[in-house]
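The sequence and the structure come first, and the description follows.

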Amino acid sequence: MATTTATSISFSASHRTLLILSSSSSLFRPGLPLPSSSRKCNLYHRRCSHFRKNEAREVLRCQVKLEGNMDDETCELVNGAELILGEGTDSIRAYLLKAVKNNNGNGVLLLSDIFGFEDSSTRDFAYRVACNGYNVLVPDLFRGNPWTKNRPRTQFELWLSRQPPERVAKDINTSAKWMVDEFVAAKITKKLGIIGFCFGGGKLIETIAQDKDSYFGIGICFYGTRMNPSLASNIKIPVLFVSGDDDPLCPVSILHDMKNNIRDSRVVVYQGRGHGFAHRPESPEDDKDAEDAFFVMRNWLHDSLVVKN
C-alpha cells in the first residue's frame, strides 16, 4: 500500500502555540484543522485563529482550566490527523485525535450527529475526550454530504433517504475494524468505547446490538434518535444514556425501557434540557448541565475502559 504524508496537528497548553507536525503513515492524508471554539470549555478553553495547511500560528487567548487533580501537563498535547479508511469506492474519511502525554491506550469511536464529522461542536467534544487520555476516531458517516443548517427542513427526509443504513453500518464497521487493528490487535487495549450523538446515538444502538465480534466494551448514547428499543435485548455491554427531559426526539420513557433490558446500564436525564445540549449548549443552563454530563461520561469511560482494560 502506498505511503502518504500526514499533517498532524498539536495544541500545546503550556507553550500556547499551535504546532503542525509532519509524519508518515499508510493511512493518513493531509489533515483538516482542529475546530475553533467561542464557548467555555472546561478542559481546555480556547479561542483560536483559523489557519492554513503547513502554516503555524499562535493560539489566541488560550488558557487552561483544570479539572479535579489535573495539572497543565496532563492535557498539554493532542495530535489530530485526517485518515482515509478502506480502499477505492469503499473508502471513507475519518478524523483521529490522540492524547500525547497522558495517553491511556484506549480507543473510542465517536459517531456524529447529522452535521457530520467536520462540525466544530463534534470535534470540540472529541478533542475534550482525547484530552482525558483517549484515542478518538470520528468517521464521516455521510460521505461528504452531511446535513447543513441552511437547508430547508422540508428536505430532511429526502436527505436522510440518501444515507442508506446498510452503507452507514458498513462504514461504522470499517472504522471499528481499523481501531481494532490499531489498538486491540497491538494489545494496547482489550475493548473499544463508542459514543454517539443524536443520529449517531441511534446508530450506536444498532452497532452494539450487532457487535458479533465483540469489538466494544462500553457505550455512551447522547439523546439518540430513531432508536429501535427492540434491539436492547441483543446488547451485551453496559450503555450510559444521557438526555434531557424536554427532548421530543429522544423520549425518556424509551431510554428507561432500553435500560431495563441492558445489563448494568444507566439513564441520566437533565431537567429542562432539550436536544443536543451536551455538545451544543445554547444557554448558561445548558453549559452547566453539559459540563456535568461530560464528567459523568468521563467517569463511565474510565471505570469501564481504563480500569477494566
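## Terms and basis

A residue is called buried when its relative accessible area is under 20%, exposed when that area is over 50%, and partly exposed in between, using a 1.4 Å probe and protein chains only. The model is predicted, so local features need pLDDT of at least 70 and side-chain atom pairs count only at pLDDT 80 or more, while totals for chains, interfaces and linings use all residues. Residues are numbered from 1 along each chain as its sequence is written, and side-chain values use heavy atoms, with hydrogens and water left out.

## The chain as a whole

The protein chain has six helices and eleven strands. These are DSSP runs numbered from the N terminus, with helices (H or I) of at least four residues and strands (E) of at least two. Of the 309 residues in the protein chain, 52% are buried.

A contact means heavy atoms within 4.5 Å. Among the contacts in the protein chain with a separation of 6 or more, 69% are between residues 24 or more positions apart.

Glutamate 82 belongs to strand S4, which covers residues 78-85. Glutamate 82 counts as buried because its relative accessible area is 1%. Its side chain and that of arginine 93 are joined by a polar contact of 2.6 Å. A polar contact is a pair of N or O atoms within 3.5 Å; within protein, one must be able to donate a hydrogen and the other to accept it, and residues adjacent in sequence count only if both atoms are side-chain atoms.

Aspartate 140 sits in the loop between strand S7 (135-139) and H2. With a relative accessible area of 4%, aspartate 140 is buried. Leaving aside neighbours within four places in sequence, aspartate 140 is in contact with Arg93, Ala94 and Phe117. The side chain of aspartate 140 reaches two backbone nitrogens: that of arginine 143 at 3.2 Å and that of glycine 144 at 2.8 Å. Aspartate 171 is 31 residues from aspartate 140 in sequence, and the two are 8.3 Å apart in space, C-alpha to C-alpha.

## Arginine 167

Arginine 167 is part of helix H3 (residues 165-184). Its relative accessible area of 16% is the reason why arginine 167 counts as buried. A polar atom of the arginine 167 side chain lies 2.6 Å from the backbone oxygen of leucine 141. Not counting residues up to four places away in sequence, arginine 167 touches Leu141, Phe142, Arg143 and Arg162.

## Two pockets

Pockets are found on a 1 Å grid over the protein atoms alone: a pocket is an open set of points with protein on both sides within 12 Å along at least five of seven lines, whereas in a cavity a 1.4 Å probe fits but cannot get out, and lining residues have an atom within 4 Å of a point. Grid points are joined across faces, edges and corners, and a volume is the space filled by probe spheres set on the points.

The largest pocket has a volume of about 650 Å³. Its lining holds 28 residues, and those nearest its centre are Ile114, Cys198, Thr225, Leu249 and His275. Helix H2 (156-161), H3 and helix H4 (199-209) are the elements that give two or more residues to this lining. H4 supplies the largest share, four residues. The second largest pocket holds about 220 Å³ of space. It is lined by 13 residues, with Ala169, Asn173, Thr207, Gln210 and Asp211 nearest its centre. H3 gives the most to that lining, with four residues.

## Cysteines

A disulfide is a pair of cysteine sulfur atoms within 2.5 Å, and by this rule there are zero disulfides. Cysteine 198 is buried at 7% relative accessibility. The closest cysteine sulfur to that of cysteine 198 is in cysteine 250, at 8.8 Å, so the two are too far apart for a bond. Cysteine 250 is buried, with a relative accessible area of 0%. For the sulfur of cysteine 250, the closest cysteine sulfur is in cysteine 221, and at 6.3 Å it is too far for a bond.
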